[in-house]
Amino acid sequence: MFKRACFYLLSLVLVLAYVSDSTAQSWTLKMRLANQSIVGTPVYSSQSKAIVLARDGRLWEFSPSQAKDYEKISDSFQSYNQQELRSQLMQEFGPEYEVTGTGHYLVVHPKGQRNIWAHRFEDLYRSFHVYFNARGFKVQSPQFPLVAIVTKDYDSYAKYAASERVKVSPRIVGFYSTKTNRVVMYDITAGKKDSQGWNDNFATVVHEATHQTAYNTSIHNRLSAQPVWIVEGLATMFEAPGVWNSSQFRHQKDRINRDRWASFVQHAKSRRKTGSLDSFIASDQHFKTNPNAAYAEAWALSFYLMETSPKQYSQYLAQ
């Protein structure tokens, strides 16, 4: 009990220190980094590493010696508004794409596909809020407009991913980057509206937008390492219709992710060792050695905690 109390007090001190430091650092600087002009606010600094949060939500991590021409330009910090960021995205992606704004999202998509993509990200964001508010967790509003990019085909997607040094394959339909704060995916149907392909598209929207929303509403923290079981467990929970669309699917059975459940049962019958939960929580290694089983176990644990102890689970996420 004493050790647990000490751990809690230490965690509280670290959280309060981080909040105080974040408030103190809320000023704006301008600098040059690798021939780019960066405008943002410093969020971390040491002799070997600095991190600047830019006005578009991107995190720039670098050695202090790499940056030139530091200049303080404001005593406060503000993100780009939707209009400013929309203009930048239009310039970045060119005439083949449109940028559609919703309440919280800016969605970059192929021309003429506004009705296919834009509202789906916003609907997921609203479902996220409803789900957590109903369980006593008051999520914060995003500091930045949320950006989702849907490329027209895999080649465009792979080219963009390479520019961000992210490894992808045709089976990896999309990803969320904590560095850029963007969801990036490709239309697996290539505009053909294939039904099975569209199911894969929508599943990617749900999973990756859940990551993005969680990192932008105080559920997760982009500035510190998050346990993978928490991050992926939450995203896999939202894959179930009863979670992302609770107004239509209202029963507990609708909140069960059937695919993850089947994988977990198979893993439990074949390879899962007694007492393995401790090592699963303590290390992310399982996601490297047996990812399918790890994702299933992350779902099972997260689902169990949310269904049986939602208040305590929410408090754990907040801490």
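Mentor: Happy to! The chain has twelve helices and ten strands, and please keep in mind that this is a predicted model. For 319 residues, a compact globule would have a radius of gyration near 20 Å, and the chain has 21 Å, so the two agree. Along its principal axes, the C-alpha trace spans about 60 × 60 × 35 Å. Buried residues account for 42% of the 319 residues.

Now to our helix. α11 covers residues 291–308, which makes 18 residues. How far apart should its ends be? At 1.5 Å a residue the helix should span 26 Å, and its end C-alpha atoms are 25 Å apart, so the model agrees with the expectation.

Next, look at which residues of α11 are buried, meaning under 20% relative accessible area. They are Ala293, Ala294, Ala296, Glu297, Ala298, Trp299, Ala300, Leu301, Ser302, Phe303 and Met306. An α-helix has 3.6 residues a turn, so residues three or four places apart point the same way. Keep that in mind as you turn the helix on your screen.

What covers these buried residues of α11? The cover includes other helices: α3 (114–133), α6 (228–237), α8 (258–270), α9 (276–282), α10 (286–289) and α12 (310–318). Contacts across the sequence are found in the chain as a whole, too: among those between residues at least 6 apart in sequence, 58% join residues at least 24 apart.

How values were computed
Residues are numbered from 1 along each chain as its sequence is written. This is a predicted model: local features need pLDDT of at least 70, side-chain atom pairs count only at pLDDT 80 or more; totals for chains, interfaces and linings use all residues. Side-chain values use heavy atoms; hydrogens and water are left out. Helices (H or I, at least four residues) and strands (E, at least two) are DSSP runs, numbered from the N terminus. The expected span of a helix is 1.5 Å times one less than its number of residues. Buried means under 20% relative accessible area, exposed over 50%, partly exposed in between (1.4 Å probe, protein chains only). Contact means heavy atoms within 4.5 Å. The radius of gyration is taken over C-alpha atoms; the globule rule is 2.2 Å times the number of residues to the power 0.38.
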